[in-house]
Amino acid sequence: MTREHDLVRAAGCVLWRRSPVDGGLEICLVHRPKYDDWSHPKGKLKRSEEPLAGALREVEEETGFRCAPGATLPTVRYLAQGRPKEVSYWAAEATTGRFVPNREVDRVLWLPPAAARNRLTQLRDRQLVDALLSTLNPA
């Protein structure tokens, strides 16, 4: 049984844009040197912060981009340093901004969906690429 105060609440976005070169879909991944991993932009929520507000704040802090939020994506749950973590995600289209390396994120990549799926470090993050594709291209 998890105690509510043990739960780490976080939020993020699967950030996407149309390629400036060919108009194809590109997904933004962030590289975090502390963990040496590639992931979607996300972070812990501040006390009483709404998840969507936190997701948009984290995207801008980590990538330098503002974005327009879209569909809700699956919530991802896992253990982080022995504590349960719950990350709420949204699809979000990048609007304005540019990346400047910072302490938390030293690189970003804009990749086509298949390449993004392969570059993601955690398998659990790959399902979010599929979820994004199904919201952007409903069957």
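Helix α1 covers residues 51-63, and R57 and E61 both sit in that helix, four residues apart, about one turn. Helices here are DSSP runs of H or I with at least four residues, strands are runs of E with at least two, and both are numbered from the N terminus. This is a predicted model, where local features need pLDDT of at least 70 and side-chain atom pairs count only at pLDDT 80 or more, while totals for chains, interfaces and linings use all residues. Residues are numbered from 1 along each chain as its sequence is written, and side-chain values use heavy atoms, with hydrogens and water left out.

Back to the pair. R57 forms a salt bridge with E61, with the closest N and O atoms 3.2 Å apart. By salt bridge I mean a side-chain nitrogen of Lys or Arg within 4 Å of a carboxyl oxygen of Asp or Glu. R57 is buried at 17% relative accessible area, whereas E61 is partly exposed at 40%. The cut-offs are under 20% for buried and over 50% for exposed, with partly exposed in between, using a 1.4 Å probe and protein chains only.

How many salt bridges are there by this rule? The count is eight. E26 and R17 meet through their side chains at 2.7 Å, N to O. E26 is buried, at 13%, and R17 is partly exposed, at 21%.

The other is D130 with R117, at 2.5 Å, N to O. D130 is partly exposed at 38%, and R117 is partly exposed at 24%. As for shared partners, salt bridges join E49, R57, E58 and E61 into one network.

Next, a charged residue without a salt bridge. K42 is in strand β4 (residues 42-44). K42 is buried yet has no salt bridge. Which side chain of opposite charge is nearest to K42? That is D125, 4.9 Å away. For charge, Lys and Arg count as positive and Asp and Glu as negative, while His and the chain ends are not counted. Leaving aside neighbours within four places in sequence, K42 is in contact with A11, G12, R32, E58, E62, Y78, V87 and Y89. Contact means heavy atoms within 4.5 Å.

R32, one of those contacts of K42, is in strand β2. R32 is buried, with a relative accessible area of 17%. Along the chain R32 and V105 are 73 residues apart, but their C-alpha atoms are separated by 4.7 Å. With neighbours within four places in sequence left out, the contacts of R32 are D37, S39, K42, E104 and V105.

That list includes S39, which lies in strand β3. Is S39 buried or exposed? S39 is buried, at 1% relative accessibility. From S39 to R126 the sequence separation is 87 residues, and the C-alpha to C-alpha distance is 9.2 Å.

Now the loops. K34 is in the loop between β2 (25-32) and β3 (37-39). At 70% relative accessibility, K34 is exposed. K34 also belongs to a surface patch of positive charge, together with K44, R83 and R103. Patches are made of residues with over 30% relative accessible area and no salt bridge, joining like charges within 9 Å and nonpolar side chains (Val, Leu, Ile, Met, Phe, Trp, Tyr) within 5 Å. The accessible areas come from the Shrake-Rupley method with a 1.4 Å probe, and for residues only the protein chains shown count as cover. A charge is placed at NZ of Lys, CZ of Arg, CG of Asp or CD of Glu.

D36 is in the loop between β2 and β3 as well. D36 is not a glycine, yet its phi is positive, about 50 degrees. Most residues other than glycine have a negative phi. D36 is exposed, at 58%.

Where is S48? S48 lies in the loop between β4 and α1. S48 likewise has a positive phi, about 65 degrees, although not a glycine. At a relative accessible area of 71%, S48 is exposed.
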